Amino acid sequence: MSTLPTLLILAEPSFNGSEAHSTVAGLPSLLDSTLQKALASGLPVTLICPPGVAHRARQTLPANDIVVMPSTQHMTMDHMARAIAAGVLASAQAPGWLLLPADMPMLQTETLRKMAANIAGNTVVFPQFRHHPGHPMGFSAELFSELIRISSERDLARLTARYPAAPVDVDDPGVLMSQRNSEPGMLEHLRVALGGGGAAALFPTRPSTSTAGSYGVQKSF
């Protein structure tokens with residue numbers, strides 16, 4: 001059993017194309033960059049993603065660290081809620097979880113470590129850079145039984161409204177930076193849902209930047 005929280009990386013079905021596969025020879029894809037940054041933090045990592053992204057991710061992660069989402073053309077917040085529940089269930093022995101969208105490779109590894117350390121003394125945490133809230137959001141293990149039961153946007157909102165989130169000051173603008181150029185998807189809406197009643201204050205839309213072993217049995221749900 002790890003003494004460190006598990007980093008749950010969330011990739012929605014629209015996270016594909018050049019985002020999952022580099023279009024420039026020799027350069028890592030957005031997915032590669034995010035996974036490499038996550039692994040460099042030293043935290044256990046679980047990726048929750050659609051089948052196409054899972055195929056690419058198996059070049060970096062053991063298959064038993066990948067939770068495959070059912071294929072769906074239009075993902076709803078209810079699907080995303082169930083993805084979070086599945087990720088938590090797949091890492092049930094963790095002392096907590098950090099939820100990180102797969103489009104944020106600009107985060108510093110030290111920020112991930114700092115957020116992990118703060119889960120120990122708080123039920124829910126989020127990073128803020130110069131008073132601007134960002135990702136990843138963290139949940140302590142005491143919420144396990146509630147997290148594995150969430151199945152809808154309403155469940156997410158109720159959970160975060162019930163447990164006030166503690167801000168963690170970080171000197172890292174990467175907590176606000178999305179690298180995607182596509183229209184906002186379910187991960188953008190997740191930032192609102194995770195804020196419960198205080199959505200605008202907790203997870204506003206983030207600014208976007210212009211920059212572009214042995215394998216186990218793969219989990220699915």
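1. Is Glu146 buried or exposed? Glu146 is buried, because its relative accessible area is 18%, and buried means under 20%. This note starts from that residue and then moves to the rest of the model, which is a predicted one.

2. Glu146 has a charged partner. It forms a salt bridge with Arg162, and the closest N and O atoms of the two are 2.3 Å apart. Glu146 sits in helix H5 (residues 144-147) and Arg162 in helix H6 (residues 153-162), so this pair ties together parts that are 16 residues apart in sequence. As a general point, side chains of opposite charge can pair when their charged atoms come close.

3. How many salt bridges does the structure hold? There are 3 salt bridges in the structure. One of them joins the side chains of Arg56 and Asp32, at 2.2 Å from N to O. Arg56 belongs to helix H2 (residues 51-57) and Asp32 to helix H1 (residues 30-40), so the pair ties together parts that are 24 residues apart in sequence. Arg56 and Asp32 are both buried.

4. Arg113 pairs with Glu110, with 3.4 Å between the closest N and O atoms. Both residues lie in helix H4 (residues 109-119), 3 residues apart, which is about one turn of the helix. Arg113 counts as partly exposed because its relative accessibility is 35%, and Glu110 counts as partly exposed because its value is 48%.

5. Two packed helices are described by the angle between their axes and the distance between the axes. The axes of H1 and H4 come within 8 Å and cross at roughly 55°. That angle makes H1 oblique to H4. The crossing of H1 and H4 is right-handed.

6. Next, the strands. Strand S5 (residues 124-129) is joined to S8 by 4 bridges, and the two strands run parallel. Within this pairing, Pro127 has Val168 of S8 as its bridge partner. Which residues make up the covered face of strand S8? In S8 (residues 166-169), Ala166 and Val168 form the covered face, whereas Pro167 and Asp169 form the uncovered one.

7. Met137 lies in strand S7 (residues 137-140). Met137 counts as buried because its relative accessibility is 1%. Met137 and Trp97 are 40 residues apart in sequence, while their C-alpha atoms are 8.3 Å apart in space.

8. Finally, the chain as a whole. The protein chain has 8 helices and 9 strands. It consists of 221 residues, of which 51% count as buried. The chain exposes about 9,800 Å², and carbon and sulfur atoms supply 54% of that area.

Key: Residues are numbered from 1 along each chain as its sequence is written. This is a predicted model: local features need pLDDT of at least 70, side-chain atom pairs count only at pLDDT 80 or more; totals for chains, interfaces and linings use all residues. Side-chain values use heavy atoms; hydrogens and water are left out. A salt bridge is a side-chain nitrogen of Lys or Arg within 4 Å of a carboxyl oxygen of Asp or Glu. Buried means under 20% relative accessible area, exposed over 50%, partly exposed in between (1.4 Å probe, protein chains only). Accessible areas come from the Shrake-Rupley method with a 1.4 Å probe; for residues, only the protein chains shown count as cover. Two strands pair if DSSP finds at least two bridges between them. Axes are lines fitted to C-alpha atoms, for helices over the stretch in contact, and angles run from 0 to 180 degrees between N-to-C directions. Angles under 35 degrees count as roughly parallel, over 145 as roughly antiparallel, 65 to 115 as roughly perpendicular and the rest as oblique. A crossing is left-handed if the near helix is turned anticlockwise from the far one by less than a right angle, and right-handed if clockwise.
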